[in-house]
Amino acid sequence: MAEESDLERTEPASSRRLEQAREEGDVPRSRELATCTVLLGAGLGLMFLGEGMARRLGHLLQSGMSFDRDQAFDFNLLVARLASDLWEVLLAFAPLAGLMMLVALASPLLVGGWLLSPKALQPNFSRLNPMSGLGNMFSSHALIELLKAIGKTIIVGAVAWMVASRQIDTMLALVAEPLRDGTSHMVKMLLTSFLTICGALAIIALLDAPYQMWHYANKLKMTKEELRQEAKETEGDPQIKARIRQMQREMARRRMMAEVPKADVVVTNPTHFAVALKYAEGKMSAPTVVAKGADEVAAKIREIAGENNVPLLEAPPLARALYKHAELGDQIPEALYTAVAEVLAYVFQLKAFRQHGGVAPQEPTNLAVPPQLDPLNDAAGAAGVMQ
């Protein structure tokens, strides 16, 4: 059952899947929204620009009805006149054509956005497969498109019938009006009817756009197995990455353990923590942490230190403070200078005693460790607050 659930397309498409679909020219599109936008743009353009266009075309028609005798009998003059009139017609329609072109270019921004995909222009012979074509014809999406087409026809037809039925008396009355007034009245009536029908198309477009976005998202859904495979391809196999991190930790630990024999002293808790310090006078401004660890790592540090005759000093507060507040390779905090100075002084005296004899130095006690740097004090204070 788990394997079957992993093969079901229940997961939203990843960003990489969406990007690949976009590269292939596959984006959500609503033809109803694009058509409605262009038609509304044309209707509004006629509303605001139609009067100027009609006036300009009227003047052009009036001037075209009059020409002199030379133009009538000279073919070259006639062709030049026709070319001039054609240019005037193009200039008259240019504002409306420019507006419609601008609307057509802007409409894709509503759903899907602009897209220039070279892959979409490449030939795809799988689209010529008749079996896949039949499958698309009898798919649920094709059924929805059929129902949508029927619904669009019914809605637009009903709105057109309502508009026409309400204006029958007005259309019959146009016969009794003067030519100029009747023409103006008829144009306004047709334009109002056109915009009303476009309003019905807008309702269909507002329903179609969310459906197309839902259909696109549902089409690109992925299985859990596909998501895991994509994660492996993009980020690498988690098991391999975990193994690499483990190897990196082991290499870092080996490098750290190699520094323990070079340390001047190892401060211990005595069992939970161990911090190895080194100080080279003239080369370092302050002692440096060359190794540190807890529990098993601390035991290994103590073992290596014992094998290489590195002094071990039990100073639990100092060991906890160094482990908490000093990173590997960093100098010790300034607040611990005094305590570490006492430890190093003891270590140097111990080395001198081992080499030349004399009076054995005493291990330092009651080292000056600020209470706020000791994690044990912080834990105790926090426990007191909780109580």
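Which residues lie nearest the centre of the largest pocket? The legends below start there. This is a predicted model, where local features need pLDDT of at least 70 and side-chain atom pairs count only at pLDDT 80 or more, while totals for chains, interfaces and linings use all residues. Residues are numbered from 1 along each chain as its sequence is written, and side-chain values use heavy atoms, with hydrogens and water left out.

**View 1. The largest pocket and its lining.** G50, E51, A54, S184 and V187 lie nearest the centre. They belong to a lining of 19 residues. A pocket is an open set of points on a 1 Å grid over the protein atoms alone, where a 1.4 Å probe fits, with protein on both sides within 12 Å along at least five of seven lines; lining residues have an atom within 4 Å of a point. The space inside is about 860 Å³, the volume filled by probe spheres set on the points. Helix α3 (31-64) gives the largest share of the lining, twelve residues. Helix α10 (179-219) supplies at least two. Helices are DSSP runs of H or I, at least four residues long; strands are runs of E, at least two long. By class, the lining has nine nonpolar, six polar and four charged residues.

**View 2. A salt bridge between E88 and R56.** The closest N and O atoms are 3.4 Å apart. A salt bridge puts a side-chain nitrogen of Lys or Arg within 4 Å of a carboxyl oxygen of Asp or Glu. The pair links distant parts of the chain: E88 is in helix α5 (residues 75-106), R56 is in helix α3, and 32 residues separate them. The whole structure has seven salt bridges.

**View 3. Strands β1, β2 and β3.** Strands β1 (residues 265-268) and β2 (residues 273-278) run antiparallel, joined by four bridges. Two strands pair if DSSP finds at least two bridges between them. Four residues lie between β1 and β2 in this hairpin. V265 has L277 as its bridge partner in β2. Six bridges join β2 to β3 (residues 288-294), also antiparallel. Here V275 stands opposite K292.

Conventions. Nonpolar A, V, L, I, M, F, W, Y, C, P; charged D, E, K, R; others polar.
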